[in-house]
Amino acid sequence: EEMILNLNLIPEYTSACYVQAMHWANDLFFALNKDELIIGISQHKKIEESKLIATLELYFLFLVLSFILGLILGSFYNVCIHRYLHARSILSPPSNCPKCKHYLSWWENIPLLSYIILRGRCRECKEPISFRYPLVEALSGIWALLLAIKFGPGKPFLVYLAFGGIL
């Protein structure tokens, strides 16, 4: 019994995600044939379509959570960069505007989103926030997402994520 998924409309890099997700299902064997992904169902186990969909949903959730983790790590990297350059502790004081010293509330610390909501300016003094902050967060999020696509959940993902942060 075979099921054929036509991937003509899906970008090439996305098909690798599907292949990886199906590989994790451990119940499928598969082969790439040009633009089609042919999935053969194992003879000893019949996999229901709902189980395949659940696997793909878990894989997508893993990708989303990896991106969010990357954004959070990028925010932490920004703290480390800024405080290292100014010879300050990374533990205290809480995050603040470098210009007016206004302590940031929790919603002003949401990676990328706060920058967009605040339109790149401090809520108190209205001075511009350096573009370095969202740039580092975005690059870190993209790095984590690419690692998630390449390695999936596991030790290699975590090791490369850690070493990427060090760089």
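Me: What should I know about the model before I start?
Reply: Residues are numbered from 1 along each chain as its sequence is written, and side-chain values use heavy atoms, with hydrogens and water left out. The model is predicted, so local features need pLDDT of at least 70 and side-chain atom pairs count only at pLDDT 80 or more, while totals for chains, interfaces and linings use all residues.

Me: Which order do the elements run in from the N terminus?
Reply: Helices (H or I, at least four residues) and strands (E, at least two) are DSSP runs, numbered from the N terminus. Here the order is β-α-β-β-α-α-α-α, giving five helices and three strands.

Me: How many of the residues count as buried?
Reply: Buried means under 20% relative accessible area, exposed over 50%, and partly exposed in between, with a 1.4 Å probe and protein chains only. In this protein of 167 residues, 32% are buried.

Me: Which residues make up the largest nonpolar core?
Reply: A nonpolar core is a set of buried Ala, Val, Leu, Ile, Met, Phe, Trp, Tyr and Cys residues joined through side-chain atoms within 4.5 Å. The largest one has eight members: Tyr59, Phe62, Leu63, Ala144, Leu147, Ala148, Phe157 and Leu161. Two or more of its residues come from each of α2, α4 and α5.

Me: Is Tyr160 buried or partly exposed?
Reply: Tyr160 is partly exposed, because its relative accessibility is 42%. This residue sits in helix α5, residues 155–166. Contact means heavy atoms within 4.5 Å; beyond its neighbours within four places in sequence, Tyr160 touches Trp143, Leu147 and Phe151.

Me: How do I look for empty space inside?
Reply: Rolling a probe the size of a water molecule over the atoms shows where empty space is left. On a 1 Å grid over the protein atoms alone, a cavity is a set of points where a 1.4 Å probe fits but cannot get out, and lining residues have an atom within 4 Å of a point. The count here is one cavity of 30 Å³ or more, and the largest cavity holds about 500 Å³.

Me: Which residues lie nearest the centre of the largest cavity?
Reply: They are Leu104, Glu108, Asn109, Ile129 and Tyr133, out of 28 lining residues. Helices α2 (49–85), α3 (113–117) and α4 (132–151) each supply at least two lining residues, and α2 gives the most, with five.

Key:
On a 1 Å grid over the protein atoms alone, a cavity is a set of points where a 1.4 Å probe fits but cannot get out, and a pocket is an open set with protein on both sides within 12 Å along at least five of seven lines; lining residues have an atom within 4 Å of a point. Grid points are joined across faces, edges and corners, and a volume is the space filled by probe spheres set on the points.
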